[in-house]
Amino acid sequence: MDALRKQASKLREQVAKQQQAVIKQFGGTGYESSDVMVIDEVEMQRHQQLEKLYRSTRAGKDFQKEIVKAAEALTAIGYKHIEAGTKLSEDCSKYGAENVSDKILAKGASIYGDARKHVEKEQEELNKLLSSQILDPLRAMILGSPLEDARHLAQRYSRMRQEAETQAVEVSRRQARVKEIPNPENVGKLHAAETKMKEIKANMAVLGIEASAALAAVEAQQQRLTFQRLVALVEGEKTYHLRVAAILGEVEAEMVSEKQRKESAPPVIPQESFSGKTMYFLAEATHSFTAASEKELSLTVGDYVVVRKVSPSGWSEGECKGKGGWFPSAYVEKRQRIPSSDLAADVY
């Protein structure tokens, strides 16, 4: 009866250990952590190194996935940006074309509409960069065989280590059995257990070296490639923003220049607004003025001008030495008021 109880107890222990092994294999992360020294100190160090490399490559892979996810989101936003920007460009250009005049808004809309096309081209270039230099290389490494092969080697080593742990317990049990009953049968089983343990140990040494080398190579490549893609992302975004800033800077300068030109240009006065009863006045030029267009009138200090129109914009229209045109009102001083009917042909 005692023998049966002992046998049942050992059977329960064996089943419990097998259940633990199954739980470790299917419920873990792929490489099981363990502080148990299965063979010797060298093997323990190799096990710790593999565990560290396995976790490092897993973290690196997860980080690459996050970068890919972000790049995909930026690309999607970029296409929406292009769609909205293209529509705005078309609307601005249409307004400018349909409202051709000297009005500053129509001109400004045309300028911005044309520039907006260039901004969207820069966004297209950024999207191409995200695809070719960020997404494609990282996806290739995440799904690549070198990483998976190296991790499979580490997982095989982990399973072999669990097997060695179980076998070490079996050897200890057989050694105790031989001490208890040193018959040929028990001695033979002990030798078989020890032989199997030696085979496992030899296989672990080879597999451990191979798995460590493979994971170390993958980790180095993973670190190098991910860093390079981050640098490419930074450079791409920097180039994009600098080019867009340059385009918008040029647009702003052109629009401001156009506004200043419109504000400083002589006003356009319909000819029919003049009448024969309009009161003109004689003025003397106190500052020299050089005409910049055919609509303007050059003046020299001391010239007398018959002023025929004064605009609220700060410009006046008049005649001097047989020529007519616009000049700054502040460049002359009023001398005498005369009716237009008494106006002489030339004033000197």
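The model is predicted, so to speak of local features a pLDDT of at least 70 is needed, side-chain atom pairs count only at pLDDT 80 or more, and totals for chains, interfaces and linings use all residues. Residues are numbered from 1 along each chain as its sequence is written, and side-chain values use heavy atoms, with hydrogens and water left out.

Let us begin with the idea itself. Side chains of opposite charge can pair when their charged atoms come close. Here a salt bridge means a side-chain nitrogen of Lys or Arg within 4 Å of a carboxyl oxygen of Asp or Glu. The structure holds 18 of them.

Now find E43 and R161, a salt-bridged pair whose closest N and O atoms are 2.8 Å apart. This pair links distant parts of the chain: E43 sits in helix 2 (residues 41–98) and R161 in helix 4 (residues 145–180), 118 residues apart. Helices are DSSP runs of H or I, at least four residues, numbered from the N terminus. E43 is buried, at 4% relative accessible area, and R161 is buried too, at 3%. Buried means under 20% relative accessible area, exposed over 50%, and partly exposed in between (1.4 Å probe, protein chains only).

Next, look at E148 and K61, which form a salt bridge with closest N and O atoms 3.0 Å apart. Again distant parts of the chain are linked, E148 in helix 4 with K61 in helix 2, 87 residues apart. E148 is partly exposed at 25%, whereas K61 is buried at 16%.

Finally, E170, R173 and R174 are joined in a network of salt bridges.

Methods:
Helices (H or I, at least four residues) and strands (E, at least two) are DSSP runs, numbered from the N terminus.
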